[in-house]
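Open the structure in your viewer and keep the selection tool ready. We will go from stop to stop.

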Amino acid sequence: QETIDKGDAVSVLIFRVGGEYLALPTTVSQEVIDNYTVHSVPHRGGIVAGIATIRGELLLCASLPKLLRLEEISSEKDSSSQRLIVVEREESRMAFPVDEVQGVARYRRGELIPVPATLRQATATYTIGLFSWRDRRVGCLDDQLLFYTLNKSFA
């Protein structure tokens, strides 16, 4: 296995939403929660999935499937692979449910390939590029744009 030059490497948390494998930089990924409940917020829908209490803190939860126009997260309440990812960027802290968390990986900035035109427009908007990981294509999300959009939606 090749060694990765640390200056060129990006560390990401890989997760699955519907059939898509996505990644966010570990610099914004704070923790992964196994047992959680997302409570709906009256008169709020769309990107706002609800709120969750994480260690006594109320966090707004976003629906990535709605934002990225992906297939919905499985509705099985007892699914052992579902997780809640807590993220923070510039003092903006929130969470979102995902179908599965794969773990942390690294890629080289130069390995990113452009997003194909066949990718859904909403997904392509928030994806800076794709990289290969375990024979899969993983979409690297633009965390700055993602947080900007979610903060605007939550306001």
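This tour visits a residue, a helix and the nonpolar cores of a predicted model.

**Stop 1: Ser92.** Select Ser92. You are in strand β7, which covers residues 92-98. Is Ser92 buried or exposed? Its relative accessibility is 12%, and buried means under 20%, so Ser92 counts as buried. Now show Asn151. The side chains of Ser92 and Asn151 make a polar contact at 2.8 Å. Beyond its neighbours within four places in sequence, Ser92 also touches Val87 and Phe147.

**Stop 2: helix α3.** Select residues 143-154, the 12 residues of α3. Next, colour Asp143, Leu146, Phe147, Thr149, Leu150 and Phe154, which are buried. They cover an arc of only 165 degrees around the axis, so they sit on the same side of α3. Turn to the face away from that buried side. There you find the exposed residues Gln144, Tyr148 and Lys152. Then go to the start of α3. A side-chain oxygen of Asp142 comes within 3.1 Å of the backbone nitrogen of Gln144.

Stop 3: In soluble globular proteins, nonpolar side chains tend to be buried together. Select Phe15 and Phe96. These two have the most contacts inside the largest nonpolar core, which has 24 residues. Which elements give two or more residues to this core? They are β1, β2, α1, β6, β7 and α3. The most comes from α3, with four residues. Last, select Val10, Val12, Ala23 and Val138. They are among the 11 residues of another core, which lies apart from the largest one.

Key: Residues are numbered from 1 along each chain as its sequence is written. This is a predicted model: local features need pLDDT of at least 70, side-chain atom pairs count only at pLDDT 80 or more; totals for chains, interfaces and linings use all residues. Side-chain values use heavy atoms; hydrogens and water are left out. Buried means under 20% relative accessible area, exposed over 50%, partly exposed in between (1.4 Å probe, protein chains only). A polar contact is a pair of N or O atoms within 3.5 Å; within protein, one must be able to donate a hydrogen and the other to accept it, and residues adjacent in sequence count only if both atoms are side-chain atoms. Contact means heavy atoms within 4.5 Å. The expected span of a helix is 1.5 Å times one less than its number of residues. The arc is that of the directions from the helix axis to the C-beta atoms. A nonpolar core is a set of buried Ala, Val, Leu, Ile, Met, Phe, Trp, Tyr and Cys residues joined through side-chain atoms within 4.5 Å.
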